[in-house]
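Hi,

Here is the model I promised to pass on.

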Amino acid sequence: MSLNSKPLCVDLDGTLIRTDSLWETVLQIIKTEPLALFILVLAYLRSGRSGFKSAAIDRMVIDPADLPYHSGIIDLIRQNRAEGRQILLVTGANQRLADCISNHVGLFDGVIGSRTGSNNTGDDKAEELVQRYGERGFDYAGNSRTDLKVWAHSHAAIVVGSEKLARDAENYCPVTTRLDAAKMRKSKSIFKALRPHQWFKNVILFLPILASHRLFEPYVIIQVLLAFSAFSLCASGLYVMNDLLDLPADRKHPSKHKRPFAAGNLPLSWGVAMCPALLGLSGAISLFLPPRFLIVLLAYVVITTSYSFHFKRRVLVDVFFLASLYTIRLIAGHEATGIRYSHWLTGFSIFFFLNLALVKRGSELVLLRDSGKLRTEGRGYHVSDVPIICNFGMVAGGLSVLYLAMYINSPDVNRLYSNPDLLLALCPLLFYWIGRLWLLVDRGQMHHDPVVFALKDRISYYILILSVIVAAIAKIWK
């Protein structure tokens, strides 16, 4: 028999799970039925927050197995349950969803959730518990300042949150346990959610000024730096959006489950605010650039959004969309600076970036194959597709080397270099780098993002240095 016969009441959002079940539901509805958002808004206007929750659950009940659970709270519940204590899930989430999560966890003796017309949070939750168990007749585990209203009537508090929240809870009842709400600091999680390492991809915007040898013209440099900033902020905003919409699949992925929103280290509401803020700032910077650059940036947003909502689940179509997101950066570099297009450079970029997109997909499939899984989550690929993906990728890589050779022999290059024939040495260097990528993919040693891999790979830096040396010699050696 437990030494403490009072029931333990456990909150759901932010306490039992490291996320918010309502935001999880709404985001998945937006992904699968975007127009249903208007139905949810109407439900909120008619019946308030409880009506909104009921309408959301009517559209979708998320899979409890996809949620990130707080291991510390789970362990505490098991310990108290082993002592014979009554455990209740008491939450502002809709009753149907709360029942579903309770059945999945299998550790609760009862569930008290919200119903239409009753929003079981704050004072309402406190009143419900006092009516059932009396003043100071229960212990309560919560995570937010709203829970202070419940702790004001509790026998003891279990706080999932900061030391400050625990100190505030102490003003109302004894705090027996405090657990951290997240696995890392929010500032670090925000930085990680922005994926600043992905900004390296925007170096592609510098290719037009690099290829035309206008790297030291102040006006051109300022234009391309503004374009780089706009694309980086835009990309971060879209990465946040993609992470919010892809939570269930990310949590099943061997490495993506560590992303801040998937792991529950950042509130989903923060992500919903970050996305438009980053996109708005990107658009503001674009106003200082030629109008056609803003059109290209908008095209990038449309392509990325359509990829996140739909095309990422289409076999092979997804890699063409990924490749186009690289190539559109090259186009943006031209539009920001006004430098004339080279169809050879554009053709090279199409096949080179298609190769990188296929490396990304191939590495993910090999990782799944080696972990014993048969197919991807949220996509249409099977691990048996690995040989086909590898073949497509190597063909695309070979075509990019061919385009590079033809570009080297174009009139533009002949005018820019004293000895352009020496540039042909770039072809075997590139061919080696591409071949090595695919060899590592087949061995399961490739990071799921080839750009991130290249940034950490010593051999890639050697090849880059050799390429720069070759280009410098071709420029000055007559």
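First, a term for what follows: a salt bridge here is a side-chain nitrogen of Lys or Arg within 4 Å of a carboxyl oxygen of Asp or Glu. Before the details, two housekeeping points. This is a predicted model, where local features need pLDDT of at least 70 and side-chain atom pairs count only at pLDDT 80 or more, while totals for chains, interfaces and linings use all residues. Residues are numbered from 1 along each chain as its sequence is written, and side-chain values use heavy atoms, with hydrogens and water left out.

**Overall picture**

The protein chain has 21 helices and six strands; these are DSSP runs numbered from the N terminus, helices being H or I with at least four residues and strands E with at least two. Its C-alpha trace spans about 95 × 50 × 40 Å along the principal axes. Of the 478 residues, 52% are buried. Buried means under 20% relative accessible area, exposed means over 50%, and partly exposed is in between, using a 1.4 Å probe and protein chains only.

The accessible surface comes to about 22,000 Å², and 64% of that belongs to carbon and sulfur atoms. Those areas come from the Shrake-Rupley method with a 1.4 Å probe, and for residues only the protein chains shown count as cover. As for contacts (heavy atoms within 4.5 Å), 66% of those between residues at least 6 apart in sequence join residues at least 24 apart.

**Salt bridges**

The count comes to 23 salt bridges. Side chains of opposite charge can pair when their charged atoms come close.

- Glu128 and Arg132 have their closest N and O atoms 2.7 Å apart. They are four residues apart in helix α5 (residues 122-133), so about one helical turn separates them. Glu128 is partly exposed at 26% relative accessible area, and Arg132 is partly exposed at 48%.
- Arg178 bridges to Glu163, with the closest N and O atoms 4.0 Å apart. This pair links distant parts of the chain, with Arg178 in strand β6 and Glu163 in helix α7 (residues 163-170), 15 residues apart. Arg178 counts as partly exposed at 31%, whereas Glu163 counts as exposed at 51%.
- Lys201 bridges to Asp449, the closest N and O atoms being 3.4 Å apart. Here too distant parts of the chain are linked: Lys201 is in the loop between α8 (186-194) and α9 (207-211), Asp449 is in the loop between α19 (426-443) and α20 (450-456), and they are 248 residues apart. Lys201 is buried at 11% relative accessible area, and Asp449 is buried at 2%.

There is also a network of salt bridges that links Arg195, Asp243, Asp250 and Arg259.

Five of the five residues of β5 (residues 156-160) are buried, so the strand is largely enclosed by the rest of the structure. Ala156, Ile158 and Val160 point one way from β5, and Ala157 and Val159 point the other way.

Strand β4 (residues 139-142) pairs with β5 in the parallel sense over four bridges, and β5 pairs with strand β6 (residues 175-179) in the parallel sense over four bridges as well. Two strands pair if DSSP finds at least two bridges between them. Val159 in β5 stands opposite Gly142 and also opposite Arg178 in β6. That is the Arg178 of the salt bridge with Glu163.

**A buried glutamine**

Gln223 sits in helix α10 (residues 218-245) and is buried, with a relative accessible area of 6%. A polar atom of its side chain lies 3.3 Å from the backbone oxygen of Ala336. Leaving out residues up to four places away in sequence, Gln223 touches Phe288, Leu289, Pro290 and Ala336.

**A nonpolar patch**

Tyr462, Ile465, Leu466, Ile469, Ile473, Ile476 and Trp477 form a nonpolar patch on the surface, with about 730 Å² of accessible area together. Patches are made of residues with over 30% relative accessible area and no salt bridge; like charges are joined within 9 Å, and nonpolar side chains (Val, Leu, Ile, Met, Phe, Trp, Tyr) within 5 Å. Ile469 is in helix α21 (residues 458-476) and is partly exposed at 42%.

Cheers

Technical notes:
Polar contact = N/O pair within 3.5 Å; in protein donor to acceptor, adjacent residues only side chain to side chain.
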